[in-house]
Amino acid sequence: PRSLEDSRGSAGSTADMLRTLLLCAMLALSAAFVPPSALPVQRAQASQQHTVSMIALTKPQRTNQRRREYNKMYKSEMKTAIKRVIEAVAEGEYTYASMRLNKAQSIIDKNVKRNIMHKNTAARRKSLLTMKVKALETGAVPAATPAAALAA
């Protein structure tokens, strides 16, 4: 009896090899399109492991943290003082707003001295607050606009 391989001849063996090769290529190609969530758990866990960095902060980083906490305290105080002036202006009480304005200007000037705020920014904020408070002053005439000045 003849074996199966003998009956096919050389053409049959090349066709089998081509089929096998084509099947392997298709499997490899389909594996390339598998989403990462379908990967085995061991691979996913291995990629999520991070090395722990035990490097201490440098001196500039430590001083930066210290200064940031220091500045945060004074900035918060300044923002609160400005908010109090705006609240007093909203209530319409000139004397109360004036007292709050003096306190806020003092705090703003101290923050300029501490180098927390630039002097031009401080001047702009103080000017804005002063204009709001002066608008409450009894008998105050609002600043003339250029159009009103030309009409007169």
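This is a predicted model: local features need pLDDT of at least 70, side-chain atom pairs count only at pLDDT 80 or more; totals for chains, interfaces and linings use all residues.
**Overall make-up**

The chain holds six helices and zero strands, so that, read from the N terminus, the order of its elements is α-α-α-α-α-α. Of its 152 residues, 13% count as buried. Among the contacts in the chain with a separation of 6 or more, 62% are accounted for by residues 24 or more positions apart.

The helices treated here are H3, covering residues 59-91, H4, covering 94-113, and H5, covering residues 119-134. The table sets out the geometry of their pairings.

| Helix pair | Angle between axes | Distance between axes |
|---|---|---|
| H3 and H4 | about 160° | 9 Å |
| H3 and H5 | about 20° | 9 Å |
| H4 and H5 | about 180° | 10 Å |

H3 and H4 pack at an angle of about 160°, and since angles over 145 degrees count as roughly antiparallel, the two helices are therefore roughly antiparallel to each other. Their crossing is left-handed. On the H3 side, the residues that meet H4 are Tyr74, Glu77, Met78, Ala81, Ile82, Arg84, Val85, Ala88, Val89 and Glu91, while H4 contributes Tyr96, Ala97, Arg100, Leu101, Ala104, Ile107, Ile108 and Asn111. Sorted by class, this contact of H3 with H4 comprises 13 nonpolar residues, one polar residue and four charged residues.

For H3 and H5, the angle is about 20° and the axes lie 9 Å apart, which makes H3 roughly parallel to H5. H3 passes H5 in a left-handed crossing. The contact is formed by Met78, Ile82, Val85, Ile86 and Val89 from H3, together with Arg125, Leu129, Lys132 and Val133 from H5. In terms of class, seven of the residues in the contact of H3 with H5 are nonpolar and two are charged, with no polar residues.

H4 and H5 pack at an angle of about 180°, with their axes 10 Å apart, an arrangement that makes H4 roughly antiparallel to H5. From H4, the residues Tyr94, Ala97, Ser98, Leu101, Ala104, Gln105, Ile108, Asp109 and Val112 meet Lys119, Ala122, Arg125, Lys126, Leu129, Thr130, Val133 and Lys134 of H5. The contact of H4 with H5 divides into nine nonpolar, three polar and five charged residues.

**Two residues of H4**

Asn111 lies in helix H4 and belongs to the H4 residues that meet H3. With a relative accessible area of 0%, Asn111 is buried, because a value under 20% is what the term requires. The side chain of Asn111 reaches the backbone oxygen of Tyr74 at 3.4 Å, and Tyr74 is itself one of the H3 residues in the contact with H4. Leaving aside residues up to four places away in sequence, Asn111 touches Tyr74, Met78, Ile116 and Met117.

Gln105 also has its place in helix H4, where it is listed among the residues that meet H5. At 22% relative accessibility, Gln105 counts as partly exposed, since the range for that class runs between 20% and 50%. When residues up to four places away in sequence are not counted, Gln105 touches Lys126 and Thr130, both of which are included on the H5 side of the contact with H4. The C-alpha atoms of Gln105 and Arg125 are separated by 8.8 Å, although the two residues stand 20 residues apart along the chain.

**The loop between H4 and H5**

Asn115 is found in the loop between helix H4 and H5. Its phi is near 70°, a positive value in a residue other than glycine. For context, most residues other than glycine have a negative phi. Asn115 counts as exposed, at 66% relative accessibility, because exposed means over 50%.

His118 has its place in the loop between H4 and H5 as well. The side chain of His118 reaches the backbone nitrogen of Asn120 at 3.1 Å. Between the C-alpha atoms of His118 and Ile108, which are ten residues apart along the chain, the separation is 10.0 Å. Ile108, for its part, is listed on the H4 side of the contact with H3 and on the H4 side of the contact with H5.

Key. Residues are numbered from 1 along each chain as its sequence is written. Side-chain values use heavy atoms; hydrogens and water are left out. Axes are lines fitted to C-alpha atoms, for helices over the stretch in contact, and angles run from 0 to 180 degrees between N-to-C directions. Helices (H or I, at least four residues) and strands (E, at least two) are DSSP runs, numbered from the N terminus. Angles under 35 degrees count as roughly parallel, over 145 as roughly antiparallel, 65 to 115 as roughly perpendicular and the rest as oblique. A crossing is left-handed if the near helix is turned anticlockwise from the far one by less than a right angle, and right-handed if clockwise. Contact means heavy atoms within 4.5 Å. Ala, Val, Leu, Ile, Met, Phe, Trp, Tyr, Cys and Pro count as nonpolar, Asp, Glu, Lys and Arg as charged, and the others, Gly among them, as polar. Buried means under 20% relative accessible area, exposed over 50%, partly exposed in between (1.4 Å probe, protein chains only). A polar contact is a pair of N or O atoms within 3.5 Å; within protein, one must be able to donate a hydrogen and the other to accept it, and residues adjacent in sequence count only if both atoms are side-chain atoms.
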